[in-house]
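Hi,

Here is the structure I promised to pass on to you. My notes on the ligand site follow below it.

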Amino acid sequence: MRHSDIVAIVMLKAPALAPLLLVPLLHAEIRYLPSPKLWHLSAANVSYVFGVNNENQLQQVYWGPRLWRDADLTPPHTGLPWASFDTPGMTTPEEYPAWGGGRHLETCLKLTRADGVRDVILQYVTHSIQNGALTIHLKDKIDNIRVTLTYRISPTGILEKKAAVHNSTTQTITVESLQSGVWNLPLDSSYRLTTTFGRWAGEWQLEQEDVRPGQKILESRRGLTSHQANPWFMLDTGRASESHGRVWFGALAWSGNWRLTVEQSTHGQVRVTGGYNPFDLAWPLKPGESLESPSFYAGFTTHGFGEASRLLHRFTRDEILPNKRLRPVLYNSWEATTFHVTEEGQKALATIAAKLGVERFVMDDGWFGARNNDRAGLGDWTVNPKKFPRGLKPLIDHVHQLGMDFGLWVEPEMVNPDSGLYRAHPDWALHQAGRPRSEQRNQLMLNLARGDVKEYLFTVLDRLVTENDIQFLKWDANRNMTEPGWPEVPPADQKKLYIQYTRNLYEIIDRLRRKHPNLEIESCSGGGGRVDLGILRRTDQVWTSDNTDALDRLRIQEGFSYAYPTRVMMAWVTDVPNFNHRTTPLAFRFLTAMQGALGIGNNLNKMSAEDLDFSKRMIAWYKSVRATIQTGNLYRLASPRAGDFTANQYVSEDGKQSVVFGLLHAQHFGYPVPPLRLAGLDEKAVYRLHPLHPDKLELPTPELSGAWLMDHGLSFRLTGDYDATAVVLERLE
Ligand code: DGJ
């Protein structure tokens, strides 16, 4: 019996264990089975199998619960043609189809050779399995266009696919579409797609719709990830719920133009193809050159949307984020002072923030150049001498003396036409020769695809961080690409801009981090416009949304939590009335924001002594549970979309602590909040409960079993509008 068989049996004999607890027992492995010519990637509760078919092409065989019996696996065979209209290419779940040879579905590669020939038929050549990665080499049936596919699988069963196309011919080829890969799903007619859509200040709106024949395109053509759509998907069958049912899910690690094509063929095959957005893309490859795709990650669970999110969260925390440091409580000046920052004003805010227990003070927009509003100064990254006559040092020293670290807002990719930078380099802004330049928020976007712009920005940021004791940058980007021209390069190369821009952005951040290992970075694009696994590889947190209204936030945070972990989700408490002109109590705002990485954005000068004291107590309480909130497993117990009550529970990785938040939006007809059944606990364990507000929780006895808490539930005494509380559970030995 092989070791892989043994671990599979361990899994079968332990069905009662919570799924994530099985993970350490089941290691990740990639095996090649030579006689059926199949690769079997397996880890945790997942198997992914594909192989070489009778046409010497790659064909997907299986993706779902972990398999243990190799003898079940037989060599793949192409599908049958359908009448004279559909070739086998249309009826076969191909693993990496290129456009050519009778394929009319979305393909992974589309190119044009210099001689005009566009047909590509990829066939298997060879493979290797090394250092946890499977590499497969493919080649066109006729000429020397080659493709390398790379696969990995994480211990929790998250698969990674990426592809590179190599021009080993003697003529230039132009790549018009390069996808990381396609995920074929098991045949089933009841798939439902879940993802998020939105707009500025309304990001992360969950949408669910049935998958029907045809294509559903999720994409950005804006040069950045976008507020409008985000590169992740979940597909469930049989109407999965939060805790039950089969869910396949994935996320693309790219912050530029991206596209996911969710498609159901008329033969019933559901597939998700993802990679660079082919819109307006052309990447010429001279002989010997290559182009690599971003990574596309995907996973599977039989335990519903909640488990799908927890698997993505854990993977992102363990394998994507650049460090494991807990997020400090930060103060951000934007909503308090907007552009009107001064040394004295910021010092005053910092003094109060430190008394509240804030650990990081961030000065937002307005500190540089002639930046008194959004009409001027962007691009001139030198300290405004009127606002900071002695430079930034006195403020930074003050912040440090108060025991906090210092962070600074920057928006490096942008320029106001009214700035020294634009006057010196008008050609650095994105534009197309002889065409108007569209301004948004009175700003243009620099063409970061240019090597000189990249070097300039690196130098400016490096100098800023070297000359000042800055531990954190909030990296903002308040518009999307328009007129994305690149007149300085030959016309054939101009459409390389989208990919090269994002690559250079990544390079600047990577170089900065290498040179300043303690520097942390927040990705912001007018809120959540640049959040994806590509940017999260090199940033520590993201600004979720410019909408800080607590009630809207509950839905924003829920949508965000489907794909991304709590740890990176910045959530501020701010002044009211807020967005929607809504006024919510300070406790409700805190209990909402404390479900992410907590920030404070109030004008502290205007807060009453009572509110300051309350904030101080809330921040201290948050610190006592933040490890569980930021790195624990999230259970979404009551959705803000489903009714007037939201509840979320966080369970620490070791199961010793759990934190439950309950928030009533509005009470109706005097009805009480129904008992809330908890999740993720050990039914045999006993927990001691520490309510944040003892009067808001019905608690006959302070110690309760996991079974009682999960099967009977907790009753919150919440009344009226915007009433909220939390309770901490400590597991007793
Ligand atoms: C947009 C960001 O999302 C805000 O938090 C703030 O930093 C402003 N830009 C500053 O201009």
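**Ligand site**

In this predicted model, a polar side-chain atom of tryptophan 409 is 3.0 Å from a ligand oxygen atom, a polar contact being a pair of N or O atoms within 3.5 Å. Aspartate 476 brings a side-chain N or O atom to 2.7 Å from a nitrogen atom of the ligand. From the backbone, a polar atom of glycine 527 lies 3.1 Å from an oxygen atom of the ligand. On its own the ligand has 290 Å² of accessible area (Shrake-Rupley, 1.4 Å probe), and the protein covers 99% of that.

The shell (residues with a heavy atom within 4 Å) holds six charged, five nonpolar and three polar residues, Gly being counted as polar. Among the 14, those nearest to the ligand are Asp364, Asp365, Lys474, Asp476 and Asp546.

**Confidence**

Mean pLDDT (the predictor's confidence, 0 to 100) is 95 for the chain, with 96% of residues at 70 or more.

Numbering runs from 1 along each chain as its sequence is written, and side-chain values use heavy atoms, without hydrogens and water. As the model is predicted, local features need pLDDT of at least 70 and side-chain atom pairs 80 or more, while totals for chains, interfaces and linings use all residues.

Best wishes

Methods: A polar contact is a pair of N or O atoms within 3.5 Å; within protein, one must be able to donate a hydrogen and the other to accept it, and residues adjacent in sequence count only if both atoms are side-chain atoms.
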